[in-house]
Amino acid sequence: MERVAAARGEITEIVGRPSSGRTSLLVACLRDVAQSGETAALVDTEETFDPASAAQAGVDLRRLLWVRCGGRRDVALRAVDMLVRCPGFALVALDLGELVVRLPATLAFRLKFAVRRADVALLIVGRRRLTGASATLAIETRRQAIEWAGPGPAPTRLARVRTTTAVLRARHAPPAESPSRWWRA
Amino acid sequence: MAGVSRFACVLVAHFAAAAVERCEPALREQPLAVLTQTANIKILADANAAARERDVRSGMTETEAAARCPTLVTRPHIEEHVAAARHALLEAALAVSPRIEDGGAGIVYVDTAGLDRLIGDPEAIGRRLVHQARTVGLVARVGVAGSRTAARVAAASASVPVTVVAPGRERAALAGVPLGVLDLDPPLAATLARWGVRTLGEMAALPREGVTMRLGPAGLRAHDQALGRDHEPFRPWTPPPFWEEAQGVEWEIESLEVLTVVLEPVLTRLCGRLGAAALAADVLDIRLGLASGGHHARVVSLAYPMSEVKPMLALVGLDLEAHPPPAPVTRVAVSAHPIRAQMGQGGLWQPPVPAIRDLVSVLARLAALVGTDSLGSPTLVDSHRPDAFAMLAFSPPTEPDAPAVVGERPARVDAQHVVACAGPWRASGEWWDTEAWARDEWDVALGDGALCRLARDRLTGHWYLDGLYD
């Protein structure tokens with residue numbers, strides 16, 4: 001996957017259905033942050049992050065702070081609130097998984113200003129959008145096709161998935177749809 | 001001035017009251033008295049200047065003092081306060097001169113020999129001492145003279161922060177000072193008062209033999225002091241191997257929030273002392289006196305040597321939250337293991353990483369939130385099990401990454417791929433000497449178009465950027 005970067009000092013949201021490639025996009029962001037020598041934090045609400053596949057994708061795990069929240073939404077939001085106030089992290093990612101969280105507008109604005117002050121990129125990955133108008137960019141991932149693989153006629157493994165991304169909200173550009181990409185399963 | 005001894009005396013008046021004011025700075029402007037319990041009566045052990053202006057004196061009963069000054073604030077005499085303030089004053093003086101002497105509570109003698117080249121004239125040395133005392137929360141006066149006695153008398157009798165007695169002018173400078181500054185024994189003071197001796201000049205004018213015959217060794221010592229002579233040799237003081245601050249409270253503390261409020265000034269004083277000596281704390285020993293009579297002790301290992309109050313307080317608070325005291329707290333004592341901190345600076349071209357003091361604090365808070373097992377950097381373990389990983393403490397590397405190498409050739413520099421590469425150009429020299437060197441040089445073209453020369457030290461294996469073609 002090509003170089004991906006979340007904007008610093010802004011909130012970026014990636015939403016999508018399960019297996020639509022939203023986590024792959026998150027891992028790509030973590031990879032690029034770590035490869036540039038910076039540090040990232042991942043608040044993993046449902047503890048679904050797989051270090052092995054992240055390392056395989058090129059994430060330098062030494063530069064990643066992984067916070068596992070055991071399915072507790074409130075804990076995850078408090079952890080994000082702490083991390084975005086700690087200057088020095090290039091990226092703070094919140095993976096909400098399949099949890100549907102409603103965030104009051106006041107809290108969303110609070111996060112927005114904290115992110116701007118600490119100059120950190122906040123990336124929120126989930127099923128639905130969380131921060132409303134506070135997000136600078138919102139992307140939806142959509143699955144288009146899948147490929148199976150195996151030595152014989154009956155496939156034994158999922159090989160790769162084709163995904164497209166659509167911009168739902170962009171403060172500086174109109175919504176648009178990008179060309180689809182393949183990602184490894 | 002070479003060869004002539006000069007001493008400074010750092011004097012904190014009404015020291016017991018000053019020690020209380022150091023713990024509660026809000027009391028500085030109010031009339032304050034420190035009480036001791038004798039039988040069933042509370043007696044004034046000391047009073048600050050504001051109380052003395054209202055005719056409150058040591059030795060009065062609390063009732064008498066309250067009658068003279070209705071707005072008088074009283075505090076019990078706590079020995080730990082005085083001991084901590086005494087140590088703090090000694091350490092403050094030690095930051096100016098390596099040769100100091102403990103002259104008792106609130107008095108420190110400083111040998112100023114050689115300080116003129118480092119700090120300046122005696123006036124500047126005095127100002128530096130006053131400033132150092134202020135950094136540890138004490139308001140001091142300084143006298144500088146040819147002897148410790150003359151310096152102390154000059155400091156005690158002056159109304160300005162710094163008094164300098166010119167060399168050889170000690171006797172003249174002290175002549176008009178009242179005899180009361182010498183703190184003589186009451187019988188001796190009464191005898192001299194009957195003789196009509198009221199100033200140091202009148203005492204110095206008495207015949208020495210006659211004073212010795214009539215008043216004995218105490219009179220001879222007083223005569224020497226009046227002349228500005230030291231009676232005893234200089235006894236240098238060295239800092240003790242512990243740094244401790246304590247706070248007693250008059251009520252029982254049951255909640256952690258209130259305990260944090262009490263801990264903050266204790267840590268502030270401790271950090272002030274550490275900062276004055278250019279030290280940092282590595283480990284804190286917290287000792288809480290409990291209402292049940294027992295103690296609750298905690299050892300808090302700080303993640304990095306620090307002398308800042310805020311992160312220290314956060315770490316202590318989080319530790320006490322995880323291990324709360326079993327009973328209400330009535331006394332707090334904190335001692336630090338001091339070490340000399342090495343200052344560091346990040347590389348100009350390195351990307352910013354979280355400052356250690358911020359990171360330590362946020363990691364401690366996150367650990368309290370999600371648990372220590374759920375926090376850290378994942379690392380893969382050598383196993384065929386698909387979900388095998390281990391969690392390590394989060395400690396991002398601070399050094400820039402060495403270029404990724406495929407075989408012998410560099411393949412990636414930072415985030416940029418090497419698209420073309422020439423080398424190695426091998427060079428070595430001085431292999432016959434201790435300063436031997438050997439390196440491989442590579443000219444590379446990076447993905448962003450940059451052309452640079454990389455070098456690998458063959459002796460250490462380290463890679464570095466040798467130059468950029470432009």
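**Chain B and its contact with chain A**

Good morning. The contact takes 27 residues from chain A and 29 residues from chain B. Please bear in mind that what we have before us is a predicted model.

Let me stay with the side of chain B that touches chain A. Helix 14 (356-370) and strand 13 (375-380) of chain B each supply at least two of its residues. Helix 14 of chain B gives the most, with 7 residues. By class, this side of chain B divides into 20 nonpolar, 5 polar and 4 charged residues.

I turn next to chain B as a whole. Its secondary structure comes to 14 helices and 20 strands. Of the 470 residues in chain B, 34% are buried. Among contacts in chain B with a separation of 6 or more, 56% are between residues 24 or more positions apart.

How many of the residues of helix 1 of chain B are buried? The count is 9 of the 9 residues, so helix 1 of chain B is largely enclosed by the rest of the structure. The buried residues include B:Phe15, B:Val20, and also B:Glu21 and B:Arg22. What covers them includes strand 2 (32-38), strand 3 (41-47), strand 4 (73-76), helix 4, strand 9 (243-253) and helix 12 (256-276) of chain B.

The axes of helix 1 (residues 15-23) and helix 4 (residues 79-94) of chain B come within 9 Å and cross at roughly 90 degrees. The two helices are therefore roughly perpendicular to each other. From helix 4 of chain B, the residues B:His81, B:Val82 and B:Ala85 take part in this contact. They meet residues of helix 1 of chain B that include B:Phe15, B:Ala19 and B:Cys23. In total, the contact of these helices has 8 nonpolar, 1 polar and 1 charged residues.

Finally, I come to the nonpolar cores. The largest has 155 residues, and those with the most contacts inside it are A:Leu30, A:Leu91, A:Ala93, B:Val10 and B:Leu89. This core draws at least three residues from each of domain 1 (7-166) and domain 2 (245-339) of chain B. Apart from it lies another core, of 6 residues, among them B:Val413, B:Val418, B:Trp442 and B:Leu454.

Thank you for your attention.

Definitions and conventions. Residues are numbered from 1 along each chain as its sequence is written. Chains are lettered from A and ligands numbered from 1 in the order in which they are written. This is a predicted model: local features need pLDDT of at least 70, side-chain atom pairs count only at pLDDT 80 or more; totals for chains, interfaces and linings use all residues. A nonpolar core is a set of buried Ala, Val, Leu, Ile, Met, Phe, Trp, Tyr and Cys residues joined through C-beta atoms within 7 Å. A residue is buried if 20 or more other C-beta atoms lie within 10 Å of its own, exposed if 12 or fewer, and partly exposed in between; C-beta atoms are placed from the backbone. Domain bounds come from an automatic or database domain assignment. Helices (H or I, at least four residues) and strands (E, at least two) are DSSP runs, numbered from the N terminus. Two residues are in contact if their C-beta atoms, placed from the backbone, lie within 7 Å. Axes are lines fitted to C-alpha atoms, for helices over the stretch in contact, and angles run from 0 to 180 degrees between N-to-C directions. Angles under 35 degrees count as roughly parallel, over 145 as roughly antiparallel, 65 to 115 as roughly perpendicular and the rest as oblique. Ala, Val, Leu, Ile, Met, Phe, Trp, Tyr, Cys and Pro count as nonpolar, Asp, Glu, Lys and Arg as charged, and the others, Gly among them, as polar.
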